[in-house]
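User: I have a two-chain model open and want to walk through it. Can you take questions as I go?
Analyst: Go ahead.

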Amino acid sequence: MTKPKVFVVDDDFVFREVAEVLIKSSGLTDEISHFENGLQVYQELVHLAETPSKLPELVLLDINMPVMNGWELLEELKDGPAAIKMGVQIHILTSSIAPEDLNLSKQYDFIKGYITKPLTNADLEKLSKELNNG
Amino acid sequence: MKINKQPLSTIQNLPFPIVLVDKHMHIKDCSDSFYEFFGMERPKDGYLELETVIGELQQSLLKIKKNKRFQKTQVNEFITHITRKNELKWYKMVLNPSPESAHYYIYFDDVTKKKIALDLSLQAEKTARIGSWEVDLVNNKIFWSEMTKEIHEVPANFVPDLETGINFYKEGEHRDKIIEVVSEAIENGSPYDVELIIVTAKGNEKWVRAIGKAEMINGKAVRLFGVFKDIDKSKRSNDKIKVLTNRMRVAVESSNIGIWDYDIVNNILVWDDNMYDLYQIDRNEFSGEVAAWEQTIHPEDKEKSLKEVELAIEGKKEFNTEFRIITADGTIRHIHGRGKVFRDENGTALRMIGANTDVSRIKKADNRLRQLLSTTEKQNKSLLNFAHIVSHNLRSNSSNLSMLTGMLLDNIAPAKQQRFLEMIRISSERLDETVVQLNEVIKIQTDHNQKSQWVSIKTTLDNVLESINAHIDEIQPSIEIAVPKDLKVYGMSAYISSIFLNLLTNSLKYRDPKKKLVIKIKAKGEIDQTVISFQDNGKGINLEKHGSNLFGMYKTFHGNKDAKGVGLFISKNQMDAMNAQIVTNSKEGHGATFTLTFPNPKNNKQ
């Protein structure tokens, strides 16, 4: 089985680095790409959607980011290529514990999960199971 | 028992009930009607005992029976009697002595019908509280009915005369009036009908209606008679209504409610005194036309108010509106106007009546409440921002720390441990920085009592520029300053320095790398405010996208690595604390201008 591709979208480089180490050590995958904000990942996703096989299996998306935040990205994706919504599992990964944010995430049916930082091994095991089922 | 035999009776055939008795009250003779009257038949012979026929004897008859001496005077008595058919009857009994024969004639008369009629009229008198009276002017005798006596509160056996009767009227106008009308009635026979106050025997004052008439014989009054009605209750309730009406009039007069009456057909507007007070218009200067009213309305409210009147007259909307007026001395007053349109049977509007109330004070209180509400809302927003920063900046760094320490403890990726330690240092430094900034925010929120003073703009600006000397030397911007040397703003010195510093470092941070940075700082003193502006030619901000978030905490707009977003939030809070305003004018790619407006305190000249 080929290893899945994972995109980590977060403006905090410390978190991205730590997440990468954690994901690799959990054995989920070694193919991890970093993005600093919503706009960067949006451009990449739209580009990859032309050949859907190249799309990542999993996107871990922070909400609070400069330039284009998580919500703005989701709004763009809502009207974006269907291949992204169909083929990519998007999980919100945020430090926010505000219930408003959790509720807002439920408005997007292509959001697969909502994880509150810190990212733990338990979260990664769950993600791994969902990837294998999907 | 002794039975008398008298073959031929002289009174037997008399057509009314009469009986001849001796002094022992034994029947000696009687008419056939006597038996019939008491519902009996005449016995075949002899006579029955009197008690057997008429029932138990009256006290008066028993007395005569007992007395040895012959009763010489007539006895005249009313008797209640229950017949053998169980009907209640009243009859009049008249006993006439016949001294020569030592007998008595007793005559009976059925007065039941009369009695009922009398009772009814008495009752009517009582219910209506109407009494009657009569003065026999020839014999100077006076008669008062029971009710008349009751109204005067005198005992039933009271014997009045004309003078005492008149003396019951309250001294002064009431007594004078009754004397006048009674004298006139006696002289000319003219009737009277007056409402006056009497003072009863018990000293109570009472309103009565006295109606009187004289009976004239040969041009001379012989009898005066009339009725007497207790009208105290109705009179007093009438008076009460009058008092209430008066009270209402006083209430309207002393309130700030003005009443107006508009004759639509003839275009005549009538105002009450309050309206003139309300509009501060001299009565003589008011033309009484709607146009005169129109002129007083605030220009901004004129069209709307006239439209409201029009709609009311057309019947489309009730007249219930608020507008401002400008009084003669230039004061603006808020008026609440209500009105009702009156129409004829065809629905044509004829007249409009309404009230105007000065609601300026209510309005003021309302505005103050709104201000309070807006302050509360602002504070709420700050709190939300506060919650946001706690959630985001504190938690993102603390979760970094938790993940990093976890990986160290679990010995994950041993080769990278040095890097982990470096990242732990970065995260804890960030935490520390965040806590310092939070502290600064809280200080502004709680620092409102810090003293404001006049602060020199130029001096403050020079000090701030001095403090970022190194940074300026590095970037080499062109800084143009047009600030009058002596111009001051009223505020807190530390806040103003902090705001200047924040705006200047923002301009340095978000400069357009392709252009030479130009910063222009201007200040201008106006009558009631001082305006300072900071203008740059940097990256600018997309206000359409970020306008509402501009001064929120931890919003950044440039994707710039230095941007922490807390700066503008702090500046905004500091300006709020000084009652000053900060506004932005900017376009992405075309620089930004921040304008600071400081109000000049009214009673604190520099």
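User: Which residues does Asp62(A) touch, not counting residues up to four places away in sequence?
Analyst: This is a predicted model, to start with. Asp62(A) is in contact with Val9(A), Asp10(A), Asp11(A), Gly70(A), Leu93(A) and Thr94(A), with residues up to four places away in sequence left out.

User: Where in chain A does Asp62(A) lie?
Analyst: In the loop between β3 (58-61) and α3 (70-78) of chain A.

User: Buried or exposed, and why does Asp62(A) count that way?
Analyst: Asp62(A) counts as buried because 27 C-beta neighbours fall inside 10 Å, and the cut-off for buried is 20 or more.

User: What feature does UniProt place at Asp62(A)?
Analyst: The UniProt record, an unreviewed entry, has "modified residue: 4-aspartylphosphate" at Asp62(A).

User: Zooming out, how many helices and strands are there in chain A?
Analyst: Six helices and five strands. From the N terminus on, the order of elements in chain A is β-α-β-α-β-α-α-β-α-β-α. Of the 134 residues in chain A, 38% are buried. For contacts in chain A between residues at least 6 apart in sequence, 70% join residues at least 24 apart.

User: And how many helices and strands in chain B?
Analyst: Chain B has 18 helices and 22 strands. Buried residues account for 23% of its 606 residues. With contacts in chain B taken between residues at least 6 apart in sequence, 51% join residues at least 24 apart.

User: Switching to sheets in chain B. What is the strand order in the antiparallel one?
Analyst: That open sheet has five strands in the order β7-β6-β10-β9-β8 (chain B), with antiparallel pairing. β7 (141-144) and β8 of chain B are the edge strands, each pairing on one side only. On average, neighbouring strands of this sheet are turned by 25° against each other, direction ignored.

User: Which helix packs on that sheet by touching β8, β9 and β10 of chain B?
Analyst: Helix α7 (residues 173-188) of chain B does, and its direction makes about 145° with that of β8(B). Helix α8 (residues 232-254) of chain B also lies across β8, β9 and β10 of chain B, at about 125° to β9(B).

User: How many bridges join β8 to β9 in chain B?
Analyst: Eight, between antiparallel strands β8 (residues 192-199) and β9 (residues 205-217) of chain B. One pair there is Ile197(B) with its bridge partner Trp207(B) in β9(B). The two strands form a hairpin with five residues between them, and Gly203(B) in the turn has a positive phi of about 85°.

User: What about β9(B) and β10 of chain B, over how many bridges do they pair?
Analyst: Over 10 bridges, in the antiparallel sense. In β10(B), Asp230(B) stands opposite Val208(B).

User: Now the mixed sheet. What is its strand order?
Analyst: β17-β19-β20-β22-β21 (chain B), five strands in an open sheet. Its edge strands are β17 and β21 (581-586) of chain B. Neighbouring strands here are turned by 10° against each other on average, direction ignored. α16(B) packs on this sheet, touching β19, β20 and β22 (592-599) of chain B, and its direction makes about 20° with that of β20(B).

User: In which sense do β17(B) and β19(B) pair?
Analyst: Parallel, over five bridges. Glu480(B) is opposite Lys520(B) in β19(B).

User: Which residues of α14 in chain B are buried?
Analyst: In α14 (residues 457-467), Ile457(B), Thr460(B) and Leu461(B) are. They sit on the same side of α14(B), because the arc they cover around the axis is only 100°. What covers the buried residues of α14(B) includes β16 (453-456), β17 (478-482) and α16 (493-509) of chain B.

User: Last one: where is Asp512(B) found, and what does it touch?
Analyst: Asp512(B) is in the loop between α16 and β19 of chain B. Not counting residues up to four places away in sequence, Asp512(B) touches Asn537(B), Gly538(B) and Lys539(B). With 15 other C-beta atoms within 10 Å, Asp512(B) is partly exposed.

Key: Residues are numbered from 1 along each chain as its sequence is written. Chains are lettered from A and ligands numbered from 1 in the order in which they are written. This is a predicted model: local features need pLDDT of at least 70, side-chain atom pairs count only at pLDDT 80 or more; totals for chains, interfaces and linings use all residues. UniProt positions are given in the numbering used here, feature names are shortened, and annotations may be inferred rather than shown by experiment. Helices (H or I, at least four residues) and strands (E, at least two) are DSSP runs, numbered from the N terminus. A residue is buried if 20 or more other C-beta atoms lie within 10 Å of its own, exposed if 12 or fewer, and partly exposed in between; C-beta atoms are placed from the backbone. Two residues are in contact if their C-beta atoms, placed from the backbone, lie within 7 Å. The arc is that of the directions from the helix axis to the C-beta atoms. Two strands pair if DSSP finds at least two bridges between them. Axes are lines fitted to C-alpha atoms, for helices over the stretch in contact, and angles run from 0 to 180 degrees between N-to-C directions.
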